[in-house]
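Please look through the sequence and the structure shown here, and then read the report that follows, which takes up one part of the fold at a time.

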Amino acid sequence: MTAASRRWRAQGLTIGLVPTMGALHAGHLSLIESARSENSKVVVSIFVNPIQFGPGEDFGRYPREPAHDAELLRAAGVDAVYRPSVEAMYPPGSSTRVHVAGVADPLEGAARPGHFEGVATVVSKLFSAVEPERAYFGQKDAQQAAVVKRLARDLDFPVEIRVCPTVREADGLALSSRNAYLSPDERRASVSLSSALRLAVEAYAAGERRPDELRKVLCGRLEAEPLARVEYAEVVDPETFTPPGTLAVLAVRIGKTRLIDNHELSKVFPG
Ligand SMILES: Nc1ncnc2c1ncn2[C@@H]1O[C@H](COP(=O)(O)OP(=O)(O)OP(=O)(O)O)[C@@H](O)[C@H]1O
Ligand SMILES: [Mg+2]
């Protein structure tokens, strides 16, 4: 991998990296397209990163679809796929972790202790292995993108972090590999996230600025859905992920599946 990067670098070619955990969908493909349009070479990494999963989480049953992924990547014309094994990424004895303070602490950081440390560590290792000019992340995981920006700045990685819009199903549900877990009833219930965000955007457009009222709009819609259990629903600053702000962020359990979504309230909701 590093050899290919070095060769491309030496030829003056630019590299765009798209880090993923596989089970690829149109959200990932949109990141690949952005990378394609801004770089001469596109590298996609596929690595289900054990250290970003908590003890009770779904590492073991996380969707893995190597054949389908390979087909999509071939069709998308990516230049290289980086698919390290867990042993190659974390050889026996490796014990260094990258901890981002501040932006990694609230919301996802509080709900999933150790999660962002796992993300920051693996992303740092991917940057070292691939040495991309640009790396592509999805707005769906807004706090993750903010954590990665912070880490790239603080550790002097010479990489530009690009954040791409959330790709949604026709009914508004944000694409996510974990949507595969949803039963038909849960799939219907999962529209409550995007629907809550849409209602909050409408309230904001109508002039509502009171944080509590905006939160009530979000929670009201989510709580109307019997299969949904709200983990958090906040309106925060898009850099610090603490209130006050205009980014509505949600984490909701639909049955056993944990979904997240977000939207900037001052922007039109698509669809
Ligand atoms: N709907 C989407 N639109 C745009 N980007 C997305 C979307 N879903 C995921 N991504 C981005 O793809 C990258 C890889 O994410 P990952 O492989 O974890 O997929 P995922 O769908 O988020 O999976 P999961 O369901 O486990 O959260 C991340 O930068 C993520 O933000
Ligand atoms: Mg994800």
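## Cysteines

The place to begin is Cys-219, which has 14% relative accessibility and therefore counts as buried, since the cut-off for that word is under 20%. Cys-164, at 6% relative accessibility, counts as buried too. These values, like the others in this report, are computed from a predicted model.

A disulfide is a covalent bond between the sulfur atoms of two cysteines. How many disulfides does the model have? The count comes to zero.

## The parallel sheet

Five strands make up an open sheet with parallel pairing, and their order is E3-E2-E1-E4-E5. E3 and E5 are the edge strands of this sheet, each of them pairing on one side only, and from one strand to the next the twist averages 25°.

One of the pairings joins strand E2, residues 41-46, to E3 through three bridges, and these two strands run parallel. Within the sheet, Val-44 stands opposite Val-81, which belongs to E3. Helix H6 lies across E1, E2, E3, E4 and E5, and the direction in which H6 runs is at about 150° to E1.

## The largest nonpolar core

In soluble globular proteins, nonpolar side chains tend to be buried together. The largest nonpolar core of this model has 43 residues, and the members that touch the most other members are Val-43, Val-123, Phe-127, Phe-137, Ile-161 and Phe-241. Among the elements that give two or more residues to this core are helix H1 (2-10), strand E1 (15-20), helix H6 (115-130), strand E4 (134-138) and helix H7 (142-154). Which element gives the largest share of this core? That share, nine residues, comes from H6.

## The antiparallel sheet

An open sheet of three strands has antiparallel pairing and the order E6-E7-E8. E6 and strand E8 (257-264) stand at the edges with a single partner strand each, so one side of each has no neighbour in the sheet. The twist in this sheet averages 15° from one strand to the next.

E7 and E8 are paired in the antiparallel sense over eight bridges, and Leu-250 stands opposite Asp-261 in E8. Helix H10, which spans residues 211-223, lies across E6 and E7 and runs at about 165° to E6.

## Two loop residues

Asn-179 lies in the loop between strand E5 (160-164) and helix H8 (184-189). Is Asn-179 buried or exposed? Its relative accessibility is 14%, and because buried means under 20%, Asn-179 counts as buried. A polar atom of the Asn-179 side chain lies 3.0 Å from the backbone oxygen of Ala-174. Not counting residues up to four places away in sequence, Asn-179 touches Leu-173, Ala-174 and Leu-259.

Pro-238 has its place in the loop between E6 and E7, and at 40% relative accessibility Pro-238 counts as partly exposed. Apart from residues up to four places away in sequence, Pro-238 touches Ala-146 and Leu-247. Pro-238 and Arg-209 are 29 residues apart in sequence, while their C-alpha atoms are 16 Å apart in space.

Methods:
Residues are numbered from 1 along each chain as its sequence is written. Chains are lettered from A and ligands numbered from 1 in the order in which they are written. This is a predicted model: local features need pLDDT of at least 70, side-chain atom pairs count only at pLDDT 80 or more; totals for chains, interfaces and linings use all residues. Side-chain values use heavy atoms; hydrogens and water are left out. A nonpolar core is a set of buried Ala, Val, Leu, Ile, Met, Phe, Trp, Tyr and Cys residues joined through side-chain atoms within 4.5 Å. Buried means under 20% relative accessible area, exposed over 50%, partly exposed in between (1.4 Å probe, protein chains only). Helices (H or I, at least four residues) and strands (E, at least two) are DSSP runs, numbered from the N terminus. Contact means heavy atoms within 4.5 Å. A disulfide is a pair of cysteine sulfur atoms within 2.5 Å. Two strands pair if DSSP finds at least two bridges between them. Axes are lines fitted to C-alpha atoms, for helices over the stretch in contact, and angles run from 0 to 180 degrees between N-to-C directions. A polar contact is a pair of N or O atoms within 3.5 Å; within protein, one must be able to donate a hydrogen and the other to accept it, and residues adjacent in sequence count only if both atoms are side-chain atoms.
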